[in-house]
Amino acid sequence: MDLTAKLKRLLDRGLFALSVLVVVSPAALVILWMLSLSMKTELENMEYPPVFLPGEFTLRNYVTVFENSPFGRYLWNSIVVSGLSTLVALLVGVPAGYGIAKAQAWRLAVLTLIARMTPGLSFLIPLYILFQFVGLVGTLWPMVIIHLVITVPIVVYVMISFFETLPPDLEEAALIDGCTAWQAFRHVALPLARPGIVVGAILSFIFSWNNFIFGAVLAGRETRTLPVAVYNVLTFEQVAWGPLAAAALIVTLPVLVLTVVIQKEIVSGLTAGSVKGG
Amino acid sequence: MVAQARAPSAAPGAPAGTAIDRRRQYYRFIYPALAIILAVIVFPWLFTLYMSVHEWKVGSAREFVGFDNYLKLAADQRFRESVGHTLYFTFLAVLLPLGFGTLAALVFHRDFPLRGLLRTIFILPMMATPVAVALVWTMMFHPQLGVLNYLLGLAGIPPHTWVYSPGTVISSLVLVEIWHWTPLVMLIVLGGLAAAPTEPYESAVIDGASRFQMFRYITLPLIMPFIVVAAVIRTIDALKTFDTIYVITQGGPGTSSETINIFLYLQAFAFYNIGYASAVVVVFFVLVVMLSLLLLYLRQRAKWT
């Protein structure tokens, strides 16, 4: 009796461990496969059956990526576009999130939600025409501006939910002491909001970084962001898998690292609303 | 910062003002963001409506044509097919991640060693850059050298054509979508499981309920609202899927994986039919809203009965 109970528990555990393995392995294997492709020689990449562990680990593919195209420049473009559009989103979005939470201006919150439902192309066509009309095409500015479509709603949304949970006692005390609303925000609420700001900043940076379609249409040869550059590697050059996988990893590695940094916040429910943009 | 310019206005001892006044103070915090939202979000919507009633090709004069673009769209065989592809793709790309995501949430709801680390690995796909994801899957789908056909071969299954034949292309793209977005569903449902009360389970154990019964009659009703939220988000995202489809197939072979979004992209930026493409945007948007409302309505009805 005792033994069968023990056996049953063991079996139960074994089955559970197996289900954990089944659940996690697709994510892990595809990412490891990308890593493997990027660190093998072209010879090994073209072998069949596929070679899983490289015979010798090489970083040659990564060097090739930077040699064959101005990848450093594209990396910089991505940093500028996502960095600036996130910065602007923080400057306007953090006070706005505070204001919306305090004034309970829910119609504005709904507006940003509808923005999330709209396909990215619907912003792209009018703004493309506008940028052509104004003559901004060919610089990084159109990219920075259109990425605000992604970053502003994310920051506003994250900040609304953050400021809603912040107890109002401290600011009210400040107001009674004669602070203006702005001073109460600046000196009381804002310092407390730092964790929320970090999460909003990282999420908005990630989704701006990941965006492909805005750059695919708006960017010229000099102003490509990384996802666009990687796509061009695929279409225009001799398709070599090693450099391709290396390029893909360079693009997505910063995002994966940031995800690990804020995984707790992602898990604790920021997903339920509206984080994904574009 | 507009609000910064305000000097401290309320003199000590002055009446604090009514609640409305106080709320109005906070509007000033919103104006800068509102200005940006009006410029890059609301203006494009209105401009799209305006363009959609014009015959407008880039580089030539525009002409008011009323609802002609919409009528033309209704008769466009290629557009109708793209609607069909989109609905088929969306149906699968919502249903399957919902199922897998719920199962994964049940797994991650239990406590086990390394849970935090494994959960982080599990959610990496949903944050990964779609273009990078699409590239890796393109290589995995390769008919001769792809690792997927090799794995099928190990299991004794003949090679598959994946994205290279019209019959299997959409279901192969759904596979990428499942890989990409199951984590999002998992996280939402996991939130639901964490919020569920424990008492019903205790009494069910006393009553001798089986594990499946507990799932079916206790867990599932409790997490249903979360599954519906996940379904709405997933529906919106699946309808809008662009990056992975465009990078992997560009709508091909032929037009067999051309969804509304791809059709829209080609009309706007390959053929430069701006007016026509704008009409597609409007129709597309209506479709997204209608499907989301339908799901929310179904949820309400499920609550009432």
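Colleague: What share of the 305 residues in chain B is buried?

Modeller: Buried residues make up 51% of them. This is a predicted model. Buried here means under 20% relative accessible area.

Colleague: What makes N149(B) buried?

Modeller: The relative accessible area of N149(B) is 5%. The cut-off for buried is under 20%. N149(B) is therefore buried.

Colleague: Where is N149(B) found, and which residues does N149(B) touch?

Modeller: N149(B) sits in helix α6 of chain B, residues 147–154. Leaving out residues up to four places away in sequence, N149(B) touches H142(B), P143(B), P159(B), H160(B) and W162(B), and also Y48(A).

Colleague: Why is chain B called more spread out than a compact globule?

Modeller: The radius of gyration of chain B is 25 Å. For 305 residues the globule rule gives 19 Å. The value is well over the rule, so chain B is more spread out than a compact globule. Along the principal axes, its C-alpha atoms fill a box of roughly 75 × 65 × 40 Å.

Colleague: What elements does chain B have, and in which pattern?

Modeller: Chain B has 12 helices and two strands. Along the sequence the pattern reads α-β-β-α-α-α-α-α-α-α-α-α-α-α.

Colleague: Why are α8(B) and α9(B) called roughly antiparallel?

Modeller: Helix α8 (residues 199–206) and helix α9 (residues 211–240) of chain B pack at about 170°. Angles over 145 degrees count as roughly antiparallel. So α8(B) and α9(B) are roughly antiparallel to each other. Their axes are 11 Å apart.

Colleague: Which residues make that contact, and how do they divide by class?

Modeller: From α8(B) come P200(B), Y201(B), A204(B) and V205(B). From α9(B) come M214(B), I218(B), T219(B) and L222(B). The classes are seven nonpolar, one polar and no charged.

Colleague: How do you know that α4(A) and α9(A) are roughly perpendicular?

Modeller: Helix α4 (residues 71–103) and helix α9 (residues 181–192) of chain A pack at about 90°, with axes 12 Å apart. The range for roughly perpendicular is 65 to 115 degrees. α4(A) and α9(A) are therefore roughly perpendicular to each other.

Colleague: Which residues meet there, and what are their classes?

Modeller: V94(A), P95(A) and Y98(A) of α4(A) meet F185(A), A189(A) and L190(A) of α9(A). This contact has six nonpolar, no polar and no charged residues.

Colleague: What is the accessible surface of chain B?

Modeller: The total is about 14400 Å². Carbon and sulfur atoms account for 67% of that surface.

Key. Residues numbered from 1 in each chain as written. Chains lettered and ligands numbered in written order. Predicted model: local features only at pLDDT ≥ 70, side-chain atom pairs only at ≥ 80, totals over all residues. Heavy atoms only, no water. Axes fitted to C-alpha atoms, helices over the stretch in contact; angles between N-to-C directions. Helix = DSSP H or I, 4+ residues; strand = E, 2+ residues; numbered from the N terminus. Parallel < 35°, antiparallel > 145°, perpendicular 65-115°, else oblique. Contact = heavy atoms within 4.5 Å. Nonpolar A, V, L, I, M, F, W, Y, C, P; charged D, E, K, R; others polar. Rg over C-alpha atoms; globule rule 2.2 N^0.38 Å. Buried < 20%, exposed > 50% of the residue type's maximum accessible area, 1.4 Å probe, protein only. Areas by Shrake-Rupley, 256 points an atom, 1.4 Å probe, with all protein chains shown as cover.
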